[in-house]
Amino acid sequence: MLKDVTIGQYYPTNSIIHRLDPRTKIHFTLLYIVALFLVDNMIGYGVAFATLITITLISKIPVNYVLRGVKGLVFIIMITVAINLFMTPGTVRYQFWIFKITEEGLKVAVFMALRLIFLVTGTSLMTLTTSPISLTDGIEYSLKGVPGVRKYAHELAMMMTIALRFIPTLMEETDRIMKAQKARGADLDSGNLIQRAKSLIPILVPLFVSAFRRADELAIAMEARCYRGGENRTRLHALKFGRIDIYAYATTFLMIGAVILTRWI
Amino acid sequence: MKNNKTKFLTRVGVLSAIAFVLMYIDFPIAVLFPSFLKFDFSEVPALLGTFSMGPLAGVVIVFIKNVLIYLIKGSSTGGVGEIANFVISAAWMIPVGIIYKHEKSKKNAIKGMAVGAVTMIVVAAVANYFVMIPLYSKFMPIEAIIATGSAINPAIVSVESLILLGITPFNIFKTAVISLLTALIYKKVSPVLHR
């Protein structure tokens, strides 16, 4: 359960989508969510679906990876569909025993299910094609454009980067501490929630102590290299918008435009 | 302890990493509460950060934790669950931090945790009623959400009763367990922090 954290969702391939600027992908995802909320007919969903398929094909990510996010939702989607299908009043289409399927119910059920599926797959496409560290970069650059937050963009991104860097280290550490306590006879896997919470103390205390030690050592190391915040700091890999990003933005606005247009068709 | 800014950055970063790991291994306690309420211990590092570095640290930790969960684990709710977690946890950390910052005594720590827990429970109820459940209902019908509640407690029949009988008891339980755990851990960790 702990092992798959480090891998995360990122699926590296050498596609155009992967090479897009992370900012482009973040903005696309936000606009895509907005577009999904604007959709009110099937043609609009057709546009959203076409966009998803196109991106998936270009990004060379296996379809079952993209659909993985939906798997966890199957149950919720089924309840949603069932309730909408049987509970919506309207013209009765089919009837057996006490169940009635209405035309309106059918429409609403399909509509809700599609919205849920598109939302989850759309947002997971971003995390599938972008590594967490370049997403952090993208967030830092994007926040620099927001007045009020601009001052803290660098600090926030730095803290996120540190967190990302320490996740595997601390997980290894947790594992080691758990084994050490088990070797001393600690019982970690049984009991009710209260007992489990109690058994966490001998794990969390050494974990926090070592985490704080690592943090303070890192702070000293950073200051020894003259770290003093984001001002006048230069980067090794500066983000640059390329030609493909312009195309991507154009496509995004085309999609949003198409979705809005379908509202009047 | 000169130049605390870098130390603040690294400590908050590391605590966020722990919070992330603890949130990653969340588990629903469907026997007692509706299954969409997941229990995890990720607020322990956030509370610890709040005690040692003030309310801002706590808020930043819960923020980074949720962003990372969204980026790495992926969201099953399109981000709504993460935003909910951030708002509610922040409402918990801020009073704790403000009260404890004022005077760092045992009495104030207990007072802070009590006020923080109450604020969190109230904010959670209000936010769920006015924002989260209406937002969720864009994807799934209200009846489906209520059904997950009435599967546990037949008295849950509406959004109001879901919040009063499902979400609020869960939050009382959660804040109690986590506050107690943090108090026990902070007592042992704090000598290291103030060296």
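In chain B, 69% of the contacts (heavy atoms within 4.5 Å) with a separation of 6 or more join residues 24 or more positions apart. This is a predicted model, in which local features need pLDDT of at least 70 and side-chain atom pairs count only at pLDDT 80 or more, while totals for chains, interfaces and linings use all residues. Side-chain values use heavy atoms, with hydrogens and water left out.

User: Why is the pair B:Arg11 and A:Asp216 called a salt bridge?

Analyst: The term asks for a side-chain nitrogen of Lys or Arg within 4 Å of a carboxyl oxygen of Asp or Glu. The closest N and O atoms of B:Arg11 and A:Asp216 are 2.8 Å apart, so the pair qualifies. Between chain B and chain A the count is 2 salt bridges.

User: Which helices of chain B supply at least two residues each of the side that touches chain A?

Analyst: They are α1 (4-24), α2 (43-53), α3 (55-73), α6 (142-150) and α7 (159-193). Helices here are DSSP runs of H or I with at least four residues, numbered from the N terminus. The largest share, 18 residues, comes from α1(B).

User: What makes up the area buried between chain B and chain A?

Analyst: Buried area is the accessible area (1.4 Å probe) that two parts lose on being put together, summed over both. For chain B and chain A this is about 5200 Å², and carbon and sulfur atoms give 83% of it. The contact takes 58 residues from chain B and 56 residues from chain A.

Conventions
Residues numbered from 1 in each chain as written. Chains lettered and ligands numbered in written order.
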